[in-house]
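Good morning, and thank you for joining. I would like to go through one protein model, from its overall form to a handful of individual residues.

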Amino acid sequence: MSQPAPPTTSGTATFPLRFSLTPSTAARTKIEREEILVDPGFGKKFTDHMVAIDWTLDAGWHNARVMPYGPLHLDPASSVLHYGQEIFEGLKAYRHADGSIWTFRPEKNAERLQRSARRLALPELSEVDFIESIRQLVAVDGDWVPSAAETSLYLRPFMIANESFLGVRAAHQVGYYVIASPAGAYFADGVAPIKIWLSTEYSRAGRGGTGAAKCGGNYAASLLPQMQAYDNGCAQVLFLDGETSSRIDELGGMNVFFVHGTDTLVTPRLTGAILEGVTRDSIIQLARDRGLTVEERDVTLGEWQDGVASGAITEVFACGTAAVVTPISQLKGPNLSIGDPDGPAGQITMALRQELTDIQYGRLPDRHGWLTRLDAPVGPA
């Protein structure tokens, strides 16, 4: 018998969810917290609280709460453990010079979480409830947002199927959570170009697969080739398309861009196998603001190789939430080497990175309305 599809709304169509608060009795002291914030690393330490919202097929989204950070209690038969029905997001909270706390384009993360949910047969959380869940966590753990240069509070919303059931169908019970981790500067010694490894044996995603969804399975599939990248002295792995093995898709966790000359930016088009990055979209807009021509189209490995050899491709970079923009100096692979391993970061690459981070940290005007304040009531700041 076929099962009813999960609803595509939050289950609270008229009013946003109301959150309860249970303060942690084991919250770190100010001194303990400040010791962590001196050198938090990335994804190693977590704040004192988390958000949780329940969903069931009958009741929709309900029981929204901020609670002490701690382990999840899952039945061994929970669907997520057997069928991988899981999605997640990643965004940051930034402390501006006046002490206020902001995040960057959270509505885009909310939209992507909804798209991922549709692809993984999970219920969709409304944009209002998504942003409010982040706001509620920062309201309690705002002191965890660091203030040093290039630091932030990394926010990880995620959704899992937690119904205890071993049949192969969409789960009727789901949990949505948000955890937060203070993040230090991604490049401790300044932004440095990286070498990346070309995976010729593995693909990140295939036609009709989950490449456009932000789900754990995509990242799990990238881990073995990522280990091969490390073994070959590279920081990241690059994947080709799964059909022809000739077109550039993306890195294990970042989109890729090519600078042609001084006036054109090229990035692989969204094919359904490439994650639609929020940073990618922002870079495209900022490049067009500068008068650059932006092309979203197929890019082949041969074009990359010939373009670097001829000088037509002058810069290559990757982008994503964690590192923002990362210059790429060289692509390595079996019997392949493109670029100069000691090459400098490109001028356009670094200018776009600087402009984007200046907007995120409030050092430049937010002319596109990308920033949302988290430590103030909803409405004009």
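Let me begin with a term: a residue is called buried under 20% relative accessible area, exposed over 50%, and partly exposed in between, with a 1.4 Å probe and protein chains only. By that cut-off arginine 105, with a relative accessibility of 8%, counts as buried.

Two remarks on conventions. This is a predicted model, in which local features need pLDDT of at least 70 and side-chain atom pairs count only at pLDDT 80 or more, while totals for chains, interfaces and linings use all residues. Residues are numbered from 1 along each chain as its sequence is written, and side-chain values use heavy atoms, with hydrogens and water left out.

First, confidence. The pLDDT is the predictor's confidence in each residue, from 0 to 100. Its average over the protein is 93, and 94% of the residues score at least 70. Residues 9-14 have a pLDDT below 50; this stretch has 12 contacts in the model beyond near neighbours in sequence. The pLDDT is also below 50 over residues 377-381, a stretch with 4 contacts beyond near neighbours. Contact here means heavy atoms within 4.5 Å.

Now the overall form. The protein contains 8 helices and 18 strands. These are DSSP runs numbered from the N terminus: helices are H or I with at least four residues, strands are E with at least two. The radius of gyration is 21 Å, close to the 21 Å that the globule rule gives for 381 residues, so the protein is as compact as a globular protein of that length. That radius is taken over C-alpha atoms, and the rule is 2.2 Å times the number of residues to the power 0.38. The C-alpha trace spans about 60 × 55 × 35 Å along its principal axes.

Of the 381 residues, 51% count as buried. Among contacts between residues at least 6 apart in sequence, 71% join residues at least 24 apart. The protein exposes about 17100 Å², of which carbon and sulfur atoms supply 52%. Those areas come from the Shrake-Rupley method with a 1.4 Å probe; for residues, only the protein chains shown count as cover.

We turn to the region around helix α3. Arginine 105 sits in the loop between β6 (101-104) and α3. Its phi is near 55 degrees, a positive value in a residue other than glycine. Helix α3 itself covers residues 106-119 and includes arginine 112. Is arginine 112 buried or exposed? With 4% relative accessibility, arginine 112 counts as buried. Setting aside neighbours within four places in sequence, arginine 112 is in contact with Glu89, Lys214, Leu275, Glu276, Gly277 and Val278.

In the loop between α3 and α4 (127-141) we find alanine 121. Alanine 121 also has a positive phi, about 55 degrees, although it is not a glycine. With a relative accessible area of 30%, alanine 121 is partly exposed.

Alanine 183 belongs to strand β8, residues 173-183, and is buried at 1% relative accessibility. Which residues does alanine 183 touch, not counting those up to four places away in sequence? They are Pro40, Gly41, Phe42, Pro146, Thr151, Ser152 and Tyr154. Alanine 192, in the loop between β8 and β9 (194-199), is partly exposed at 36%. Beyond four places in sequence, alanine 192 touches Phe187, Thr326 and Pro327.

Cysteine 215 lies in the loop between β9 and α5 (216-231) and is buried at 4% relative accessibility.

Finally, serine 329 is part of strand β16, residues 324-333. Its relative accessible area is 11%, which places serine 329 among the buried residues. Its contacts beyond four places in sequence include Pro193, Ile194 and Lys195, as well as Ile338 and Gly339. The C-alpha atoms of serine 329 and aspartate 54, 275 residues apart along the chain, are 45 Å from each other.

That concludes the tour, and I welcome your questions.
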